[in-house]
Amino acid sequence: MTDAPDYSLEALQKTSIGTINEVLGVQVTEAERGRIVGRMPVTERNVQPYGILHGGASVVLAETLGSIGSALIAQESGRRAVGLEVNANHVRPAPKGSTVTAEAVIAHEGRNIHVWQITLRNEAGKPTCICRLTVSLID
């Protein structure tokens, strides 16, 4: 076993420095074992030509949260987490100037595989994107 993972928001934000998460403004707002919440502003950096959130940016937010969750769990046993597959259904647009919030909840925690359910919501609490992320835990 290794040291207990650090679920502090300050520690988690440091992992975004110099990454796409920093460019897109992804922020982790809550973190506990098996559940990570974050948000992302919809700006000129992540919209498509119609002025709505680009689906790829939605996937970045979803994959970031699930990957953080798996990495923290994997750290408990000295392992690492790597993404295998991500699926996204874009169900409602999020306009430029708004913020989306996402909640990642672990749906399956196996020894070698994690599956996360991630739902992005607009400011009214309505889903904008529903994702599933599969992560492999490796030595």
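Predicted model: local features only at pLDDT ≥ 70, side-chain atom pairs only at ≥ 80, totals over all residues.
The chain has three helices and six strands. From the N terminus, their order is α-α-β-β-α-β-β-β-β. The radius of gyration is 15 Å, close to the 14 Å of the globule rule for 139 residues, so the chain is as compact as a globular protein of that length. The C-alpha trace spans about 50 × 25 × 20 Å along its principal axes.

Of the 139 residues, 38% count as buried. In soluble globular proteins, nonpolar side chains tend to be buried together. Here the largest nonpolar core holds 30 residues. Met-40, Leu-61, Val-100, Trp-116, Ile-118 and Leu-120 touch the most other members. Strands S2, S4, S5 and S6 and helix H3 each supply at least two core residues. H3 (55-75) gives the largest share, nine residues.

Take Leu-120. Beyond four places in sequence, its contacts include Ser-58, Leu-61 and Ala-62. Val-100, Thr-101 and Ala-102 are also among them, as are Lys-126, Pro-127, Thr-128 and Cys-129.

Cys-131 lies in strand S6. Is Cys-131 buried or exposed? Cys-131 counts as buried because its relative accessibility is 1%, against a cut-off of under 20%.

Finally, the surface. The chain exposes about 7300 Å², and carbon and sulfur atoms supply 52% of that area. There are 13 positive and 14 negative side chains, and the centres of the two sets lie 6 Å apart.

Conventions:
Residues numbered from 1 in each chain as written. Heavy atoms only, no water. Core = buried A, V, L, I, M, F, W, Y, C linked by side-chain atoms within 4.5 Å. Buried < 20%, exposed > 50% of the residue type's maximum accessible area, 1.4 Å probe, protein only. Helix = DSSP H or I, 4+ residues; strand = E, 2+ residues; numbered from the N terminus. Contact = heavy atoms within 4.5 Å. Rg over C-alpha atoms; globule rule 2.2 N^0.38 Å. Areas by Shrake-Rupley, 256 points an atom, 1.4 Å probe, with all protein chains shown as cover. Lys, Arg positive; Asp, Glu negative; His and termini not counted. Charge placed at Lys NZ, Arg CZ, Asp CG, Glu CD.
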